[in-house]
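Here are my notes on the model you sent. Please read them with the sequence and the structure open.

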Amino acid sequence: MMGYLVVMEYLGYTVSTLLASYGLFRVFGKYPRKKSVILALGTTLFVWLLFIAWLNMPFPRGVFKYTNLPL
């Protein structure tokens, strides 16, 4: 989880959450790759919709801070 915090500063909240949740689903959930990807995408989308889109909370954008993307 410390690595997640470090990576978040460089890749931004959305990408790092996607990678971290994929790893957690693979390691702790022992799900196959395809299911882990689907669950990681769903989790990231849900968290993004809740905190960034709906509640307008600022999160680290990493390398995307110079773009106008809503990451």
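1. Where is the place of asparagine 56? Asparagine 56 sits in the segment after helix 2. Its phi is near 55 degrees, a positive value in a residue other than glycine. The residue is exposed, with a relative accessible area of 58%. Bear in mind that this is a predicted model.

2. Lysine 30 counts as exposed, because its relative accessibility is 67% and the cut-off for exposed is over 50%.

3. Now the overall picture. The protein has 2 helices and 0 strands. Its C-alpha trace spans about 35 × 25 × 15 Å along the principal axes. Of the 71 residues, 20% count as buried. The accessible surface comes to about 5300 Å², and carbon and sulfur atoms hold 74% of that surface. Take the contacts with a separation of 6 or more: 39% of them are between residues 24 or more positions apart.

4. Next, the core. Which residues make up the largest nonpolar core? There are 5: Tyr4, Met8, Tyr13, Val47 and Ile52. Helix 1 (2-27) and helix 2 are the elements that give two or more residues to this core. Helix 1 gives the most, with 3 residues. As a rule, nonpolar side chains in soluble globular proteins tend to be buried together.

5. Leaving aside neighbours within four places in sequence, tyrosine 13 is in contact with Tyr4, Met8, Val47, Ile52, Phe59 and Pro60. Isoleucine 52 lies in helix 2. Isoleucine 52 counts as buried because its relative accessibility is 15%, where the cut-off is under 20%. Isoleucine 52 and tyrosine 13 are 39 residues apart along the chain, and their C-alpha atoms are separated by 9.9 Å.

6. Tyrosine 13 also belongs to an aromatic group. The structure holds 3 aromatic pairs. In one of them, the rings of phenylalanine 51 and phenylalanine 59 have centres 6.2 Å apart and planes at 70 degrees, so this pair is edge-to-face. Tyr13, Phe51 and Phe59 form one aromatic cluster.

7. Serine 36 lies in helix 2, which covers residues 33-54. This serine is buried, with a relative accessible area of 0%. What is serine 36 in contact with, leaving aside its neighbours within four places in sequence? The partners are Tyr22, Phe25, Arg26 and Tyr31.

8. Last, the surface. Val6, Val7, Tyr10, Leu11 and Leu19 form a nonpolar patch there. Together these residues have about 450 Å² of accessible area. Leucine 19, one of the patch residues, lies in helix 1.

Key: Residues are numbered from 1 along each chain as its sequence is written. This is a predicted model: local features need pLDDT of at least 70, side-chain atom pairs count only at pLDDT 80 or more; totals for chains, interfaces and linings use all residues. Side-chain values use heavy atoms; hydrogens and water are left out. Helices (H or I, at least four residues) and strands (E, at least two) are DSSP runs, numbered from the N terminus. Buried means under 20% relative accessible area, exposed over 50%, partly exposed in between (1.4 Å probe, protein chains only). Contact means heavy atoms within 4.5 Å. Accessible areas come from the Shrake-Rupley method with a 1.4 Å probe; for residues, only the protein chains shown count as cover. Rings of Phe, Tyr and Trp (its six-membered ring) pair if their centres lie within 6.5 Å; planes under 30 degrees apart count as stacked, over 60 as edge-to-face and the rest as tilted. A nonpolar core is a set of buried Ala, Val, Leu, Ile, Met, Phe, Trp, Tyr and Cys residues joined through side-chain atoms within 4.5 Å. Patches are made of residues with over 30% relative accessible area and no salt bridge: like charges are joined within 9 Å, nonpolar side chains (Val, Leu, Ile, Met, Phe, Trp, Tyr) within 5 Å. A salt bridge is a side-chain nitrogen of Lys or Arg within 4 Å of a carboxyl oxygen of Asp or Glu.
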